[in-house]
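Take a walk through this model with the coordinates open.

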Amino acid sequence: MTTTEHLPDLFALSEIRGPVLRPGDDGYAEEAAGFNLAALHTPDVIVGATGVDDVVTALRWASATGTPVAVQATGHGANFPIEHGLLISTARMTDVAVDPRRRTATIAAGAKWRHVVDAAAPHGLAPLTGTSTDAGAVGYVVGGGLPLLGRTYGYAADLVRSFQVVTPDGTLHEADAEHETELFWALRGGKGNVGVVTSLVTELIPLRALLGGGLYCHAEHAEPLLSAWAAWTLSVPEEMCSACGMLRLPPIPQLPEPLRGGFWARVALAWTGDPAEGERLLEPLRAAAPVAVDLVEVMPYTDVDRISMEPQDPLPARESCSLLRALPPEAMRAFLGQVGPGVRDCPLLAAQLRHMGGALSRPAATEDAICARDAEYLLEAVAVLAAPPDAESVERATTALHTAMSPYGTGRTMVNIHGTPGDASDRARAWTPETYTRLRQAKSHYDPTNLLRFGHTVPLASTEEMTRPAGAQS
C-alpha cells in the first residue's frame with residue numbers, strides 16, 4: 001500500500017465514533033503528531049479511538065484488508081516514522097478509576113501518568129511512574145516500565161494485575177496471571193507485539209510524599225561528584241533511587257533561572273524513607289564537590305516531575321540506552337571522557353547513569369518478558385535534533401558513548417529507551433535469546449500476518465521455532 005487511493009473501502013470504519021482521517025483532512029497532522037517530533041508520521045488513515053469498540057472495529061477492518069497497524073497515545077516513544085497503514089490514536093481514552101480499598105487503578109489506553117497521579121493522590125496512593133508524568137501509562141507499562149522508584153518497588157509491569165487487549169484479528173481478550181497467561185506474559189515487557197491494550201489494572205503504592213530533587217554542581221566538578229556517587233551506590237538502601245550525569249541545558253524560559261543555559265553535573269534522587277535519614281545519607285554527596293544548586297526537599301508525590309525536570313513540550317529527540325553490570329573507576333573515566341567537561345561541542349542534552357538493583361533485580365511474582373534484572377546501572381543518552389547536521393553529530397556522539405561503555409555492559413538495552421529500532425538483531429538486544437524466541441512465538445500466535453510491524457517489533461517465528469517449547473534455545 002503506497003497511496004490513499006489504493007486503500008480498501010473505508011465504509012466499515014463508518015461505525016467508528018471517533019474521527020477517521022486521511023491525508024489532507026482537517027486535523028490529520030495534529031492527530032498524527034506525537035510528543036517526539038523527530039518521527040514524522042504519514043499513515044494512510046488515522047482512527048481517533050474513543051473506546052474499546054472503536055479499537056475492535058479498526059482492527060477487524062485492518063485484519064480483513066491486510067492493512068498494517070500502529071498505535072499512539074502520547075507519542076513520547078515515537079522514535080520510528082509510521083508510513084502508510086493505519087494509525088490508531090488512543091489519546092481520547094483517558095479514563096482512570098481508582099479503587100482505594102483494593103489500592104488499584106484501572107487505566108485507559110490513552111491516559112497519561114499525570115491523570116493517574118492526580119486520581120490516586122487524594123487517597124494517599126501513587127502509581128509507579130517514570131521520570132515524567134506526561135508520558136502515557138500503557139505504552140510505558142508494556143515496555144516493562146522503569147519507575148523513578150524502581151529500586152524500592154520494582155518495575156511498573158510487576159504491579160499490573162490484568163490487561164484488556166484487542167489482538168490484531170479484532171478479538172477482545174482479558175489477560176491476567178490465570179487467564180490468557182502467554183498474552184499476559186508478553187504484554188509485560190514485550191512492547192506492542194501481540195495486541196492493542198485498551199486498559200489495564202495496576203496496583204498502587206501507599207505514598208503521599210518523598211524526599212527528592214537534584215544536587216547540581218558546575219561541570220568542572222563532575223569527576224569528584226560522579227566518583228562519589230558511584231561509590232555511594234554500593235551501599236545505599238533500596239529506598240534510595242538515584243541517577244547521576246551531565247546536563248547541557250538550553251537557555252529556555254521553561255527552566256529555572258539558576259540552571260538555565262548551564263553545563264551541570266547532577267545527582268537526581270528520590271528517597272521514600274524517613275526524610276531525616278535521607279538527608280543523612282546525602283552527606284557524602286554534598287561533601288564530594290561544591291554544590292551550586294540544591295533542590296532536594298520533601299515534596300508531595302504530585303510534584304514528582306520536579307526531580308528530573310524533563311521537557312514538558314513536544315520536541316524532536318534522540319534517545320538510547322545500555323544496561324551495565326558495574327561502574328568501576330575506569331568506567332566513570334570512560335563516561336566523562338565522552339560527555340564530561342573536557343569534551344567540546346558535545347551535542348547530547350543529557351547523559352546519565354541510573355542506579356538499578358534492589359527490587360529491580362528480583363523476579364516478578366508472575367513471569368514476564370523484562371530482561372533487565374541483572375543490570376546494576378543503566379546508561380541513557382538524550383539529544384534534541386534541531387537540524388539535519390545535528391542528527392549526524394548526535395549519532396556519532398551517541399555511538400561513541402555506548403562503545404566506550406560497552407566493556408561494562410550486559411549487551412542489552414531496555415525496549416522503552418532503546419531509541420530508533422534498527423534491524424532484527426538490533427531490536428533483539430532488548431531481550432535475552434530465550435525471551436526473544438518466546439516473544440516471536442507469541443507474536444506468531446496472536447499476530448500471524450504481522451499487522452503490528454511498526455516501532456520496536458519482532459519478526460514472526462519460523463516454522464521450526466514454533467514447534468520448539470517456549471523459551472527453549474536452538
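**Loops, a sheet and a pocket**

Threonine 272 sits in the loop that links strand E14 (263-271) to helix H8 (275-281). Helices (H or I, at least four residues) and strands (E, at least two) are DSSP runs, numbered from the N terminus. Threonine 272 is buried, at a relative accessible area of 18%. Buried means under 20% relative accessible area, exposed over 50%, and partly exposed in between (1.4 Å probe, protein chains only). Leaving out residues up to four places away in sequence, threonine 272 touches Leu149, Thr152, Tyr153, Leu207 and Glu239. Contact means heavy atoms within 4.5 Å.

This is a predicted model: local features need pLDDT of at least 70, side-chain atom pairs count only at pLDDT 80 or more, and totals for chains, interfaces and linings use all residues. Residues are numbered from 1 along each chain as its sequence is written, and side-chain values use heavy atoms, with hydrogens and water left out.

Now check the backbone. Most residues other than glycine have a negative phi. Lysine 191 is not a glycine, yet its phi is positive, about 60°. Lysine 191 lies in the loop between helix H6 (181-186) and strand E10 (196-203). Lysine 191 is partly exposed, with a relative accessible area of 22%. Asparagine 450 is not a glycine either, and has a positive phi of about 55°. Its loop runs between helix H14 (433-446) and helix H15 (463-466). Asparagine 450 is partly exposed, with a relative accessible area of 22%.

Next, an open sheet. Four strands follow the order E1-E2-E4-E3, with mixed pairing. Two strands pair if DSSP finds at least two bridges between them. Strand E1 (20-21) and strand E3 (69-72) are the edges, each pairing on one side only. E1 and strand E2 (residues 45-48) run antiparallel, joined by two bridges. Leucine 21 has isoleucine 46 in E2 as its bridge partner. Helix H2 (residues 52-65) packs on the sheet and touches E2, E3 and strand E4 (86-89). The directions of H2 and E4 make about 170°. Axes are lines fitted to C-alpha atoms, for helices over the stretch in contact, and angles run from 0 to 180 degrees between N-to-C directions.

Which residues lie nearest the centre of the second largest pocket? They are Cys321, Ser322, His402, Asp426 and Arg429, out of 22 lining residues. A pocket is an open set of points on a 1 Å grid over the protein atoms alone, where a 1.4 Å probe fits, with protein on both sides within 12 Å along at least five of seven lines; lining residues have an atom within 4 Å of a point. Strand E17 (317-324) and helix H12 (388-405) each supply at least two residues of this lining.
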